[in-house]
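Colleague: I am new to reading structures. Could you walk me through one, feature by feature?

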Amino acid sequence: MLTVTPRTMGLLAMAGLLSVAIMAGLVLGAAPLSPSAVLDAFLDPGADPTSTRIVRDIRLPRVAAGVFTGAALALSGALFQALLRNPLAEPYLLGVSSGAAFGAVLSLTVVTTLPGVIAGTAVTTALALLGGLVAIGVVFRVASVVGRVDTRVLILAGVVVSAFFGAGVMLVLALSRGDAFRSAVLWTMGSLNRATWTGVAMLAVCTLAAAFISFGLARHLNALALGEEAAGHLGTDVERVKRSTYFVASLVAAASVSVAGVIGFIGLVVPHAVRMIWGTDHRTLIPLSLLGGAAALVVADAIAQSVVRPLVLPVGVITAILGVPLFLILLRRSHV
Amino acid sequence: MASETRQTIRADRARLILPVLCVLAMSCRAPRTETYTDGPASTPRRIVSLIPAATEILFALGAGDRLVGRTRWGVHPPEAAAVPDVGDGVRPSLEVVIARDPELVILFEGQDTEGIAGRLGDMGIPILSLRHNSLADLHRNVALLGEAVGCSGAAQALSRRIEEDLRDVSQAVAGLERRRVYYDVWTDPPMTIGRGSYLDSLVTIAGGRNVFGDLEAPSPEVGLEAIVHRDPEIIVHPVSRAPDAFDDPPEKRAAWQAVGAVSAGRVAVVDADLLGRLGPRVGAATRELALALHPTARIDPLPAVGNDRCSP
C-alpha cells in the first residue's frame with residue numbers, strides 16, 4: 001500500500017503552487033494579453049508576432065529569473081537561519097548585498113563612464129558579484145581567526161562589514177553626477193528588469209549546485225540545531241558544516257543580488273512560513289523553501305507588473321505588502 | 001602612560017584643526033541681514049539661478065549680466081559659462097548660494113527645494129520658485145522672470161517668438177503622417193514621458209504622437225512589455241553632448257530587441273541637453289524632434305535667440 005508522508009504532500013503542494021505561479025507569471029504582465037494569446041505564442045507558429053515577442057523574449061526570461069532568484073533567496077535565508085540559529089537571519093544580513101551594491105554603484109557611477117568601457121549589464125553584474133565575494137571573504141576571515149568559525153563573531157563582523165560597504169555606497173553616490181546617481185539608486189532597488197538569459201543561466205547553475213550541496217548538509221543542520229557540542233557528539237564535523245553552510249548561503253545570495261539587485265523579504269519570510277507549516281527538519285525545509293521562494297517571487301513580480309498597467313511597481317513593494325500579512329497570519333496560527 | 005600619550009596626541013590634533021576651521025570660517029562671507037518684507041524693493045542686481053532653463057531665459061531677456069550664480073549644468077548660452085558655478089540645482093548648497101550674496105534666488109518649485117526656499121525666505125533673501133512641467137509653465141516663467149528683472153517688454157517679445165518658432169515647426173510638418181513615438185527617458189526601469197510633460201506637447205507639435213500620452217505622470221515608469229505591445233514606430237533616444245555623459249543606446253540592450261522599432265533600427269538620437277531644457281530654445285528642440293521623426297521634411301533653421309540688453 002502506498003503511504004504518503006507529510007513531506008511528499010508538502011513537496012507536491014509546493015510544486016503545484018510553483019506551477020500555478022509560473023502560469024500566472026506568463027499570463028500577467030505589463031501588456032494586456034489573453035491567456036489564449038500567451039498559449040498561441042508558444043504553440044502557434046503563425047501567432048501575432050508582437051505577442052510572441054512579449055511572451056518569449058520578455059516574460060519567459062523574467063519568469064525564469066524570478067524562479068531562480070526566489071529559490072536562491074529562500075535557500076540562502078533557510079541556511080543562514082540554521083547556521084546562525086537566529087530567526088532574524090536573512091541573505092543580506094552579513095554584508096553580501098552591501099558588498100554587491102557597492103560593486104554595482106561603483107560600476108554605474110565610475111567604471112562605465114571611463115573611456116573605452118562599454119556601459120552594460122554585464123560589467124555591472126560582474127562587479128556586483130565581485131563586491132559580494134569580497135564582503136563574504138572579509139567577514140569569513142574576521143570570524144575564523146582562531147581556526148574555527150564563531151557564529152556570534154560572524155554576525156558582528158557581517159553587520160559591521162555591511163555598514164562599511166553601505167557607507168561606501170553613500171559616499172560614491174554623494175560624489176556622483178545626477179544621472180549616474182539615479183541609475184545607481186534604481187539598481188539597489190531590486191528588479192527582474194535586467195535579467196538576461198546569460199544572467200539567468202549563471203544564477204540557475206549556482207542555485208542548483210547550492211541546492212544539491214544543501215541537501216547533503218540537511219541532516220547535519222538538524223544536528224546543529226541541538227547545539228554545536230551535541231552535533232559534534234552525533235558525529236557531525238561541526239566546523240566543516242558551518243563553513244560549507246556559510247559559503248553556500250553567501251555565494252547563492254551574491255549570485256542573486258548580482259542578477260536582480262536587493263529584493264527583500266523572500267529570504268526572511270519563506271523559510272519561516274515553511275517551518276511553521278511543515279516543521280523544522282531541514283530535509284523538508286530546504287526543498288520546500290526552494291520551491292516556495294520561487295513561487296513567491298514569481299507571483300509578486302506578476303502582480304507588480306500587471307496591477308497598474310502599463311505602469312509597473314517595484315517588486316520589493318509587493319513582496320512586503322503581501323508577505324507581511326500572510327506571515328503574521330501564519331505566526332498567529334502557529335502559536336495558538 | 002600609553003593612554004596619556006594618546007590624549008596628548010589627540011589634543012595636538014585639536015590644536016591643528018582649530019586654526020584651519022577659523023580660516024575657513026573667515027573666508028566665508030556673512031549672510032546679508034537686510035530683510036525684504038514684500039519681494040525685492042528694486043530690481044535685483046545679483047541673481048542666482050538654480051534652474052538651467054531660467055539662466056537661458058535671463059540671458060535671452062538681456063539680463064544675463066546680473067547673474068552671479070548658475071548650476072553646474074547651466075552653461076548655455078556660452079556666456080553663462082563665465083557665471084560662477086554654485087553646484088547642483090535640485091539639491092543646492094545653502095552656504096554656496098548665500099556666499100554669492102544674492103538679491104534674488106531662482107529655484108525649482110517642489111519638495112526637493114522646499115527646505116532651502118524656507119531658509120532663504122527666513123534670511124530675507126527673495127526667491128522665485130518656478131514650475132517646470134508644461135509649455136504653459138514656460139510662458140508663465142518667462143513672464144515672471146521678465147517682471148522680476150524689470151524686462152516685461154522683452155519677456156512678451158520672447159514669449160511671442162517662442163510661439164512663432166513652434167508654429168513654424170508645426171506648419172513644416174503639417175501635411176505629414178503622424179509618427180507613433182516612444183521617448184526613451186531612462187532604460188532600467190524603462191521610463192518615458194506622459195501627458196504631464198512638456199515633451200509630450202513637443203512630440204505632438206513635431207508631428208508625432210506619444211504612445212504613452214494617455215498617462216498623466218510627467219515621467220512614468222512603464223513595463224518593457226507595454227512598450228512592445230504599443231509598438232512605437234520610432235524610439236527617440238536623447239543623448240547628452242557633455243563629455244562625461246552616460247549613454248546606453250537601445251540597440252545595445254539585449255531585452256530591447258523585442259521592441260519592433262529597435263530590432264528594425266528605427267532609433268533616432270536627439271540632443272538631450274537641448275530637449276531637456278524648457279527654455280528659449282524650445283523651438284529649436286521641437287525642430288530637432290521634427291527632423292528625427294520626419295527625416296525627409298524641410299524645416300528651415302530658426303532665427304538665433306536674441307540677446308538684447310534690457311536695462312531696468
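Predicted model: local features only at pLDDT ≥ 70, side-chain atom pairs only at ≥ 80, totals over all residues.

Colleague: Where do I start? How many helices and strands does chain B have?

Modeller: Chain B has eleven helices and eight strands. Of its 312 residues, 42% count as buried. Now look at contacts in chain B with a separation of 6 or more: residues 24 or more positions apart account for 61% of them.

Colleague: Next, the sheet. How do strands hold together, and what is the strand order in the open sheet of chain B?

Modeller: Strands of a sheet pair through backbone hydrogen bonds, either parallel or antiparallel. In chain B, four strands form an open sheet in the order β6-β5-β7-β8, and the pairing is parallel. β6(B) and β8(B) stand at the edges with a single partner strand each, so one side of each has no neighbour in the sheet. From one strand to the next, the twist averages 40 degrees.

Colleague: Which bridges join these strands, starting with β5(B) and β6(B)?

Modeller: Three bridges join β5(B), residues 179-183, to β6(B), residues 208-210. Arg179(B) has Gly208(B) as its bridge partner there. Another three bridges join β5(B) to β7(B), residues 234-239. Tyr182(B) stands opposite Ile235(B) in β7(B). Five bridges join β7(B) to β8(B). Val239(B) and Asp271(B) are bridge partners.

Colleague: Why is β5(B) largely enclosed by the rest of the structure?

Modeller: Count its buried residues. Four of the five residues of β5(B) are buried, so the strand is largely enclosed.

Colleague: How does the chain get from β5(B) to β6(B), and what is the hand of the crossover?

Modeller: The chain passes through helix α7(B), residues 198-205. This β-α-β crossover is right-handed.

Colleague: Which strands do the helices touch, α7(B) and α11(B)?

Modeller: α7(B) packs on the sheet and touches β5 and β6 of chain B. Its direction makes about 150 degrees with that of β6(B). Helix α11(B), residues 282-293, also packs on the sheet, touching β5, β6, β7 and β8 of chain B. The direction of α11(B) makes about 165 degrees with that of β8(B).

Colleague: Last, the interface. How many residues does each chain give to the contact?

Modeller: Chain A gives 25 residues and chain B gives 22. On the chain A side, α3 (49-84) and α7 (178-188) are the elements that give two or more residues. α3(A) gives the most, with six. By class, that side has ten nonpolar, nine polar and six charged residues.

Technical notes. Residues numbered from 1 in each chain as written. Chains lettered and ligands numbered in written order. Contact = placed C-beta atoms within 7 Å. Nonpolar A, V, L, I, M, F, W, Y, C, P; charged D, E, K, R; others polar. Buried ≥ 20, exposed ≤ 12 C-beta atoms within 10 Å, placed from the backbone. Pairing = 2+ DSSP bridges. Right-handed = clockwise from strand over helix to strand, strands pointing away. Axes fitted to C-alpha atoms, helices over the stretch in contact; angles between N-to-C directions.
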